[in-house]
Amino acid sequence: MTRGAPIPETVTLHVPFRVVKRGGRKEIQMPEGATQPRRTDNTLVKALARAFRWKRMLESGEFASISELAEREGIAFTYMARLMRLSLLAPEIVDAIMEARQPESVTLANMMDPFPLDWKEQRMRFLQPGTNDI
């Protein structure tokens with residue numbers, strides 16, 4: 001076996017990407033048009049799980065109020081109340097988050113802002129234009 005040209009000692013590979021913060025973690029974002037596998041937003045999934053758990057605890061009568069539950073959990077009442085709003089999301093949005101199909105704009109930070117209670121309005125607000133992820 002012969003070689004036509006010598007093999008260089010160093011090979012340089014240029015990959016266009018940028019690093020963005022998402023849910024308190026750094027994530028590599030590929031350029032537009034490049035496909036990349038979606039990863040579950042563990043921060044958002046954990047927040048959903050906590051919201052639904054707290055909702056069950058209140059509905060079961062285990063705790064009389066959010067303030068009582070917040071005190072027991074050692075969490076600020078205002079934070080718990082904002083997080084519990086996640087239990088009011090449309091089922092399709094919750095499913096999309098659990099299956100990592102939500103648009104990139106659906107992050108815990110964005111979901112902590114007030115959102116409409118109407119499920120149709122939620123889908124319109126959280127669905128990126130031109131996609132049918134949710």
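This is a short tour of the structure, one selection at a time.

**Before you start**

The model is predicted: local features need pLDDT of at least 70, side-chain atom pairs count only at pLDDT 80 or more, and totals for chains, interfaces and linings use all residues. Residues are numbered from 1 along each chain as its sequence is written, and side-chain values use heavy atoms, with hydrogens and water left out.

**Whole chain**

Show the cartoon. You will find six helices and two strands. Helices (H or I, at least four residues) and strands (E, at least two) are DSSP runs, numbered from the N terminus. Their order from the N terminus is β-β-α-α-α-α-α-α.

Now show the surface. The chain exposes about 9600 Å², and carbon and sulfur atoms supply 54% of that. Areas come from the Shrake-Rupley method with a 1.4 Å probe; for residues, only the protein chains shown count as cover. Of the 134 residues, 28% count as buried. Buried means under 20% relative accessible area, exposed means over 50%, and partly exposed lies in between.

**Stop 1: the hairpin**

Select residues 18-22, strand E1, and residues 25-29, strand E2. They pair in the antiparallel sense over five bridges. Strands pair if DSSP finds at least two bridges between them. Two residues sit between the strands, and Gly23 in this hairpin takes a positive phi near 65°.

Next, pick out the partners. Lys21 stands opposite Lys26 in E2. Val19 stands opposite Ile28 in E2.

**Stop 2**

Leu13 lies in the segment before E1. Leu13 counts as exposed because its relative accessibility is 72%.

**Stop 3: Ser87**

Go to the loop between helix H3 (77-84) and helix H4 (91-98), and select Ser87. Is Ser87 buried or exposed? Ser87 has a relative accessible area of 8%, so it is buried. Its side chain reaches the backbone oxygen of Met84 at 2.7 Å. Leaving out residues up to four places away in sequence, Ser87 touches Ala51, Phe52 and Lys55. Contact means heavy atoms within 4.5 Å.

**Stop 4: salt bridges**

How many salt bridges does a search of the whole structure find? The search finds four. A salt bridge is a side-chain nitrogen of Lys or Arg within 4 Å of a carboxyl oxygen of Asp or Glu.

Lys55 is partly exposed at 26%, while Glu59 is exposed at 60%.

Then select Glu92 and Arg123, whose closest N and O atoms are 3.0 Å apart in a salt bridge. This pair links distant parts of the chain: Glu92 in helix H4 and Arg123 in helix H6 (residues 119-126), 31 residues apart.

**Last stop: Ala100**

Select Ala100, in the loop between H4 and helix H5 (108-111). Its phi is near 60°, a positive value in a residue other than glycine. Ala100 is buried, with a relative accessible area of 8%.

Notes. Buried < 20%, exposed > 50% of the residue type's maximum accessible area, 1.4 Å probe, protein only. Polar contact = N/O pair within 3.5 Å; in protein donor to acceptor, adjacent residues only side chain to side chain.
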